[in-house]
Amino acid sequence: MKTKYLLLTLVIPFVVSGCGSASTSSSTSDVEISEDAVVTEDGAVVLADYSSLEGTKEVTTVTDEDVEDEIETMLSDDADYTDVTRKIKKGDYVTLYMTATIDGEELYEFTEDDGGYEIVAGDEDFGAEIDEKLIGSKVGNSFSITVTYNDDFDDSDLAGNTVDYEIEIGAVQEENIPELTDDYVKENYDIDTVEEFEEAVRESLEDTNEEESVSNLGQDLIAQVTESSTIEDYSDELYETQKELVEGNYEYYMEMVGASSLDEIYEMFDMTEDDVAQEVMDSVYTTIVVEAIAQVEGIEISDDDYDSLAEELAESYDYDSLEDMEEDYTEDEIRYILIEEQVADLLIDNATVTEVEASDDEE
């Protein structure tokens with residue numbers, strides 16, 4: 001499920017792509033506002049002309065391989081798992097009780113009481129040497145091993161270090177992936193045949209690609225207007241709200257990937273604290289520009305429209321209900337997202353859009 005912090009997908013690209021910022025003045029009640037500025041609840045902006053923007057919409061072709069990969073993922077999601085006592089083989093799910101130390105200092109400890117640490121044999125989460133010891137072993141086996149990691153190892157806690165491990169194999173499970181048959185798709189997806197199922201998956205991928213492409217185009221056009229506009233004032237409240245959101249995004253991501261500090265996350269995205277500060281300002285500027293365009297164009301979400309539009313939004317974010325979404329978002333945040341979508345649609349409708357095939361590395 002997408003959560004409140006799904007905005008990472010919108011926030012991070014601004015930094016990665018080096019999005020410029022609008023001309024702006026500092027937040028203060030003493031700022032002199034131009035006559036042609038649009039004054040919103042959160043600030044004031046002299047909007048750039050947005051009547052004839054140019055944008056590029058990337059088109060991603062869904063291949064047979066894409067369909068096969070998606071079906072493989074769906075089947076894996078429907079898999080069940082069986083405890084086994086045989087020797088471990090590649091692909092088994094293995095629960096480890098383990099302690100990892102560097103020069104006698106504890107780095108990790110996963111015990112039976114806390115459920116241990118689950119890996120997939122052969123994925124080399126802790127390096128090839130440990131997987132080589134695991135494959136062929138059984139539940140209850142224990143071993144000690146010392147591993148020296150290269151500087152470029154994926155896990156930054158391990159990279160460049162020599163780590164001593166004490167490992168016990170707590171459990172082994174075999175993954176049982178269902179067979180793709182007419183009976184399976186009928187029972188699980190209410191589709192009569194595998195051929196019809198494959199076509200439905202293809203259509204779903206095409207719809208997803210189209211939605212993502214349109215969303216990226218809309219965000220790009222909003223960014224164009226923001227970069228060319230002049231922000232004359234912004235409220236302290238808006239700044240603090242966006243700062244909390246941006247920092248919260250990275251804190252959430254830190255927890256999600258198991259990083260030990262925000263510095264690790266910044267390093268992952270090749271960022272500095274100055275980049276994060278600029279990201280906050282980019283978010284402030286974007287919010288004011290979106291609000292201003294909505295104000296000029298008379299775009300608003302009435303109370304009568306809110307429930308139906310918000311329910312559609314909740315469904316698109318994979319929530320079971322609007323009530324579930326409102327546990328992660330405030331009503332004001334949901335209204336802003338809905339308004340931003342309508343502003344993006346307006347810009348797209350008035351823009352000259354060139355379609356290009358997405359490059360392989362973007363697919």
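A search of the whole structure finds 11 salt bridges, a salt bridge being a side-chain nitrogen of Lys or Arg within 4 Å of a carboxyl oxygen of Asp or Glu. The model is predicted, so local features need pLDDT of at least 70 and side-chain atom pairs count only at pLDDT 80 or more, while totals for chains, interfaces and linings use all residues. Residues are numbered from 1 along each chain as its sequence is written, and side-chain values use heavy atoms, with hydrogens and water left out.

Lys-89 lies in the loop between β5 (80-83) and β6 (93-102), and its partner Glu-174 is in strand β10 (residues 162-176), 85 residues apart; strands (E, at least two residues) and helices (H or I, at least four) are DSSP runs numbered from the N terminus. Arg-86, Lys-89, Asp-92 and Glu-174 are linked in a network of salt bridges.

Arg-335 in helix α11 (residues 331-350) and Asp-303 in helix α9 (residues 303-316) are 32 residues apart. Arg-335 is buried at 15% relative accessible area, whereas Asp-303 is exposed at 62%. Buried means under 20%, exposed over 50%, and partly exposed in between (1.4 Å probe, protein chains only). Lys-186 is partly exposed at 42%.
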